[in-house]
Amino acid sequence: MEEKAFGGPRANATKQARTPKNQEVCGAQIEHIPEECLANAISLSSPADACRAAAVCTAFRLAADSDAVWERFLPPDYNAFLDRAVHAVDFNSKKELFLDLCQEHILLDDGRISFGLHRSNGAKCYMLSVRELGIAWFGTTLYWRERQDPESRFPTIAELLRVCWFNIEVYIVNMFSPNTHYAAYLVYKLTHNASGLSSPRQKSYANVNGQLVGSIHRVSLHPCNRRSCVDNMTTGADPHEHEEEEAGGCVVRYPRTRMDDDWMELEMCDFHIDEALAIGVQIILQELEELQWKSGLIIEGIELRPRS
């Protein structure tokens with residue numbers, strides 16, 4: 001009865017195998033594995049797995065924190081991005097560089113682009129400022145004006161004063177990480193008197209190498225005003241969209257509030273990159289049919305990042 005109550009000899013053997021003495025023996029055996037072998041094995045996993053491995057024991061920590069591991073998680077061309085940085089990027093290890101780029105973007109090309117990495121897999125992330133976008137009538141002070149915003153990462157943003165022909169697009173070539181599903185987000189704010197930015201004819205879509213990818217989305221830059229949606233406007237994994245009677249029963253996509261700043265973002269489109277070479281992606285947001293007057297849109301840029 002006593003053996004059954006305490007689990008018997010087999011349970012006692014399992015308990016004995018978990019004693020600190022046996023853990024020390026296991027750790028001593030790991031110590032005999034060359035650090036290069038451990039580092040190579042860990043580098044075949046993920047950044048999150050490498051961080052977990054560093055907590056196992058000293059041998060794993062030395063290997064998991066090594067430059068050999070984190071070099072594999074960084075993009076092959078990361079040095080080219082560091083050379084384009086507006087400010088010098090200081091780091092003491094490749095792991096520190098990786099984590100810094102996940103935490104905060106760096107500015108490139110005189111502040112026209114920001115660049116960072118996705119924490120889960122090291123995929124490249126960008127935000128393209130208004131100077132990188134093709135905006136109809138931008139540069140004509142009657143319709144748009146350049147301004148600064150202390151909450152923006154860029155030195156220049158754009159404010160829509162008044163326009164009816166509304167077209168924003170960008171063409172990106174060979175900037176993506178392979179085997180990654182990306183989404184493009186318009187990052188913006190609205191003035192208190194913004195108007196005309198929820199037309200049922202307003203749409204967004206993507207062309208990859210000249211071919212339409214996915215669907216053409218009907219989009220509103222004004223937040224959804226449904227009572228059930230007001231308290232659920234922060235960034236989520238899926239686009240915020242639902243059918244609207246005013247749009248003839250079509251599905252309309254709405255913006256969400258970003259969790260890490262006061263900007264809003266609208267998912268314009270998504271697309272998959274199989275190979276990183278010779279890929280050209282055109283992203284378009286436009287309203288060229290109804291042509292009602294629009295105003296009060298403040299654009300920071302278009303962000304490209306892996307879709308969760």
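**Reading the calls in this model**

Reader: Why is Phe-271 called buried?
Author: Its relative accessible area is 1%. Buried means under 20%, exposed over 50% and partly exposed in between, with a 1.4 Å probe and protein chains only. The value of 1% falls under the cut-off, so Phe-271 is buried.

Reader: What kind of model is this?
Author: It is a predicted model, in which local features need pLDDT of at least 70, side-chain atom pairs count only at pLDDT 80 or more, and totals for chains, interfaces and linings use all residues. Residues are numbered from 1 along each chain as its sequence is written, and side-chain values use heavy atoms, with hydrogens and water left out.

Reader: Where does Phe-271 lie, and what is it in contact with?
Author: It lies in strand S14, residues 264-273. Strands are DSSP runs of E with at least two residues; helices are runs of H or I with at least four; both are numbered from the N terminus. Contact means heavy atoms within 4.5 Å. Beyond neighbours within four places in sequence, the contacts of Phe-271 include Phe-176, Tyr-182, Val-208 and Leu-304. Val-208 is 63 residues away along the chain, yet the two C-alpha atoms are separated by 8.0 Å.

Reader: How many aromatic pairs are there?
Author: Eleven. Rings of Phe, Tyr and Trp (its six-membered ring) pair if their centres lie within 6.5 Å; planes under 30 degrees apart are stacked, over 60 edge-to-face, the rest tilted.

Reader: What makes the pair of Phe-81 and Phe-115 stacked?
Author: The ring centres are 4.0 Å apart and the planes stand at 5°. Both values fall within the limits, so the pair is stacked. Phe-81 belongs to helix H8 (78-83) and Phe-115 to strand S2, so the pair ties together parts 34 residues apart in sequence. Phe-81 is buried at 5% relative accessible area, and Phe-115 is buried at 1%.

Reader: Why are Tyr-182 and Phe-271 called stacked?
Author: Their ring centres are 6.2 Å apart, with planes at 20°, so the pair is stacked. It links strand S8 (180-195), which holds Tyr-182, to S14, 89 residues apart. Tyr-182 is buried too, at 0% relative accessibility.

Reader: How do you know that Ser-114 is buried?
Author: Its relative accessibility is 0%, so it counts as buried. Ser-114 is found in strand S2, residues 113-117.

Reader: What makes a polar contact between Ser-114 and His-105?
Author: A polar contact is a pair of N or O atoms within 3.5 Å; within protein, one must be able to donate a hydrogen and the other to accept it, and residues adjacent in sequence count only if both atoms are side-chain atoms. The two side chains meet at 2.9 Å, so the distance passes.

Reader: Which residues lie nearest the centre of the largest pocket?
Author: His-105, Arg-153, Arg-258, Asp-260 and Glu-303, out of 31 lining residues. A pocket, on a 1 Å grid over the protein atoms alone, is an open set of points where a 1.4 Å probe fits, with protein on both sides within 12 Å along at least five of seven lines; lining residues have an atom within 4 Å of a point. Helix H9 (94-103), S1 (106-108), S2 and S16 (295-306) each supply at least two lining residues.
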